[in-house]
Amino acid sequence: MLTLATTTPGKPEIFASLQGEGASVGKPSTFVRLSRCNLACHWCDTAYTWRFSGDNRPHTDGLDFAREANQVKLEEAEVAQMVAALKPDRLVLTGGEPLLQGAALARMVEALKELRPEFHVEIETNGSVAPHPALDPLIDQFNVSPKLAHSGNPASLALIPERLAAYAADPRAYFKFVIAERSDIEEVLGLVAAHSILPSRVFLMPEGRDSATLRARARWLGDLCADHGFNFTDRLHIHLWGDTRGT
Ligand SMILES: C[S@@+](CC[C@H](N)C(=O)[O-])C[C@H]1O[C@@H](n2cnc3c(N)ncnc32)[C@H](O)[C@@H]1O
Ligand SMILES: Nc1nc2[nH]cc(C(=O)O)c2c(=O)[nH]1
Ligand code: SF4
Ligand SMILES: [Mg+2]
């Protein structure tokens with residue numbers, strides 16, 4: 001069974017959209033959003049996947065989501081059929097932290113490839129969880145977003161050296177750092193140097209859940225990317241559809 005996030009109670013968050021971030025931006029993709037996360041970024045734009053009533057992890061917006069209304073359990077084969085029925089031939093696994101359910105995801109992707117062997121499979125991960133051995137070979141692209149200090153997570157939980165080094169050595173992996181202040185670049189430069197991450201595999205992305213915030217940060221973040229030889233990524237879906245579940 002997979003535990004998925006929901007767009008509305010009982011409706012799994014499985015949707016066709018455009019990849020809004022990173023190396024595949026603009027490509028038609030089907031998203032499967034899983035529930036639960038091992039971290040607690042205070043600016044997380046999908047807190048409904050992990051911040052349930054009674055969850056005592058730190059947050060500032062006072063929102064508490066009912067677990068029942070925001071999660072639904074489905075068989076892997078059923079999820080695979082729902083993905084195969086949509087138009088795109090690219091899958092983006094996300095969440096929450098999807099690698100928390102690696103074994104079940106492997107079963108789902110295997111079922112999907114039986115139905116549509118042509119699928120390209122990406123996974124959005126916070127970089128702190130090891131891919132399950134059954135899932136790893138089924139992933140074509142890792143979009144790894146390690147959480148910097150401004151996320152509010154302790155580095156001991158968010159930045160696991162052997163995981164970052166493994167992704168740095170994996171040609172399928174891209175890094176995508178969320179940037180809130182100009183000074184965050186120092187932390188990125190430290191991680192890039194410490195783990196021999198290639199600048200060409202690094203994307204910097206503005207923190208923001210609305211166009212105005214993203215545009216304001218993009219103005220100076222673009223300069224930082226050019227200065228340091230990093231890629232810039234915007235958040236296309238936010239500009240197109242706002243901060244809306246299922247887009
Ligand atoms: C919701 S997370 C799910 C996957 C995984 N937990 C992770 O963090 O990579 C998907 C992507 O959205 C980014 N994200 C979440 N909230 C954001 C915000 N307020 N501003 C910019 N990026 C955000 C994360 O950094 C990550 O790259
Ligand atoms: N359109 C769209 N693109 C995305 N890329 C990464 C996303 C995520 O939440 O992991 C995401 C998302 O939520 N929507
Ligand atoms: S790791 Fe990803 S899903 Fe988890 S709190 Fe941070 S942004 Fe949200
Ligand atoms: Mg998102």
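Author: Leaving out residues up to four places away in sequence, Glu21 touches Glu124, Lys176, Met205, Thr233, Asp234, Arg235 and His237, where touching, or contact, means heavy atoms within 4.5 Å. The model is predicted: local features need pLDDT of at least 70, side-chain atom pairs count only at pLDDT 80 or more, and totals for chains, interfaces and linings use all residues. Residues are numbered from 1 along each chain as its sequence is written, chains are lettered from A and ligands numbered from 1 in the order in which they are written, and side-chain values use heavy atoms, with hydrogens and water left out.

Glu21 is placed in the loop between β3 and β4; helices (H or I, at least four residues) and strands (E, at least two) are DSSP runs numbered from the N terminus. Its relative accessibility is 10%, so Glu21 counts as buried (buried is under 20% relative accessible area, exposed over 50%, and partly exposed in between, with a 1.4 Å probe and protein chains only). The side chain of Glu21 also makes a polar contact of 2.6 Å with the side chain of Lys176. A polar contact is a pair of N or O atoms within 3.5 Å; within protein, one must be able to donate a hydrogen and the other to accept it, and residues adjacent in sequence count only if both atoms are side-chain atoms.

One of the residues touched by Glu21 is Thr233, which belongs to the loop between β11 (231–232) and α8 (236–241). Thr233 is buried as well, because its relative accessibility is 3%. Setting aside neighbours within four places in sequence, Thr233 is in contact with Gly20, Glu21, Gly22, Lys176, Phe203, Leu204, Met205 and Pro206. A polar atom of the Thr233 side chain lies 2.8 Å from the backbone nitrogen of Gly22.

β8 (141–144) and β9 (173–179) each supply at least two lining residues, and β9 gives the most, with three.

β9 is also part of what covers the buried residues of α6, a cover that includes α5 (161–168), β10 (202–206) and α7 (211–228) too. Which residues of helix α6 (residues 184–194) are buried? They are Asp184, Ile185, Val188, Leu191 and Val192. Seen down the axis of α6, these buried residues fall within an arc of 125°, so they line one face of the helix; the arc is that of the directions from the helix axis to the C-beta atoms. An α-helix has 3.6 residues a turn, so residues three or four places apart point the same way. Glu186, Ala193 and Ala194 are exposed on the other side of α6. After α6 comes Ser196, with a positive phi near 50°.
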